[in-house]
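The sequence and coordinates are shown first, and the account follows.

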Amino acid sequence: MIPRYKPYLGLEELRAAFSRGQHAVEAFEEAFARSFEARYAVAFRYGRSGLWALLRALSIKGAEVILPAYTCTTVSNAIVLSHNAPHFVDITLHDYNMDLEQVEVAISERTRAIIATHVFGYPLDIDRLREVVRAAEARWGQKIWVVHDCAHAPSPRWQGGLVNNAGDAALFSLHVSKSLSSVAGGMITTNDTEVYRKLRSFRDECVGQPGMVDQIRALWRLLKAYPRYNEQVYGCVDWLKEHVRLLERLKAGPRPGEPIAFPSDYLVQLTETEARIGLVQLRRCPEIIARQRQNARYYHEHLHDICGVQLPPLVEGATYSHFVVRVRDRKALLAEARRSGIHLGPWLDYCLPTLTAYGDYARGEEFPNAELCSSHTISLPTYAALAEDQRAEVVAFMSSIDWAGLSSL
């Protein structure tokens, strides 16, 4: 089965994981900052741990933090667990990023931060966001911190500049499901020396050093990634996740009624093993992004005339961690894809304010675009490990569908 995602891991990452040496985490932070044209980078166990620590380090507490209603639950979890309140805004149907007109309305005297998510690797309109923030700061007479969420993909570009450098800080996730991965991990970048000093100090004081067990777990995560995403094995794993109740927790994403919580090891720092893997991945990053862009262009070229699919746009500077299309009957399409040996799956199949855990933060507002996308989007594989014949197979499948009952939205 063609996986919906496959990490771009080779023998070099394996060799790096088992190599010896000290100060790999510091070397990874320095290399990461250089790669993304930032002055500083601070590593964490998870991207959500980094965002939580950043809000704590900046003394943002008891405030509202604006974020899109259509994004990963880990972002909103970090906001709540740092003793703040998420303020959700709806998205646009053009590129799935948050509606900046709604952001302008949502800002109040309680707003202390905005999480500017670049969903699926599409750059948010940085210029418009700056205008909104400047006007709000002048109106309310206080600083509004802007954190660019680049967790979906390595930092896209807006007007030629990397978006991670357009605000006060940026968040990266290095999970195995991300384009650039250290198998587990996260990174915060910033160009502000005072932000870096506060964040680094908070991290070093409040986040513990990893032990031998953590190093072993890091190796295990890497080793199991190779067979787990192998096409010969993936179909069996996918079937088990769908049909064996005990394996339900292997499914990605939140479940109804799931509480707001962090993993038990969120206060453990990144391991040397993960940092060494990350250093290898950084060298691969330009190739990873180039392959993702190539795959997105291929889909756009070969699927643009299919009337049953609403394609995402081709945008200058986008990194296309996912090529997300909208269809009317997602369930039927995904079932048919599985029968054809392709796992398309949705990537974000929820709207945050409608989850049980976040009902109190919805404020009675409606989020029609986020709700629509949570029910009608599928993600075509764009990952760098996707072979040309697999890409052609995905296009052949999409072209073979009788779209009469699966018309686009």
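## Salt bridges

Glu104 is partly exposed, its relative accessible area being 38%; here buried means under 20% relative accessible area, exposed over 50%, and partly exposed in between, with a 1.4 Å probe and protein chains only. The model is predicted, so local features need pLDDT of at least 70 and side-chain atom pairs count only at pLDDT 80 or more, while totals for chains, interfaces and linings use all residues. Residues are numbered from 1 along each chain as its sequence is written, and side-chain values use heavy atoms, with hydrogens and water left out.

Side chains of opposite charge can pair when their charged atoms come close. A salt bridge is taken as a side-chain nitrogen of Lys or Arg within 4 Å of a carboxyl oxygen of Asp or Glu, and by this rule the count comes to 22 salt bridges. Three of them are listed below.

| Salt bridge | N to O distance |
|---|---|
| Glu104 and Arg128 | 2.9 Å |
| Asp127 and Arg130 | 3.7 Å |
| Arg203 and Asp204 | 2.8 Å |

The salt bridge between Glu104 and Arg128 links distant parts of the chain, with Glu104 in helix α5 (residues 100–106) and Arg128 in helix α6, 24 residues apart. Helices (H or I, at least four residues) and strands (E, at least two) are DSSP runs, numbered from the N terminus. Asp127 and Arg130 are 3 residues apart in helix α6, and therefore about one helical turn separates them. Asp127 is partly exposed at 36% relative accessibility, and Arg130 is partly exposed at 32%.

Arg203 is buried, with a relative accessible area of 3%, whereas Asp204 is partly exposed at 42%. Salt bridges with shared partners join Glu29, Arg200, Arg203 and Asp204 into one network.

## Parallel strands

Strand β5 (residues 145–149) has 5 of its 5 residues buried, so the rest of the structure largely encloses it. In a regular strand the side chains alternate between the two faces of the sheet. Both faces of β5 are covered, with Trp145, Val147 and Asp149 buried on one side and Val146 and His148 buried on the other.

Strands count as paired if DSSP finds at least two bridges between them. Strand β4 (residues 111–117) pairs with β5 in the parallel sense over 5 bridges; Ala116 stands opposite His148 in β5. On the way from β4 to β5 the chain passes through helix α6 (residues 126–140), in a right-handed β-α-β crossover: with the strands pointing away from the viewer, the path from the first strand over the helix to the second runs clockwise. β5 also pairs in the parallel sense with strand β8 (residues 169–173), over 3 bridges, and Ala170 in β8 is the bridge partner of His148.

β4 is mostly covered, 6 of its 7 residues being buried. Strand β2 (residues 64–68) runs parallel to β4 and is joined to it by 3 bridges, with Ile66 opposite Ile114.

## Nonpolar cores

A nonpolar core is a set of buried Ala, Val, Leu, Ile, Met, Phe, Trp, Tyr and Cys residues joined through side-chain atoms within 4.5 Å. The largest has 75 residues, of which Tyr299, Leu344, Leu380 and Met398 touch the most other members. Helix α3 (residues 47–57) gives the most to this core, with 6 residues. Apart from it lies another core, of 24 residues, including Ala31, Ala43, Phe172 and Leu282.
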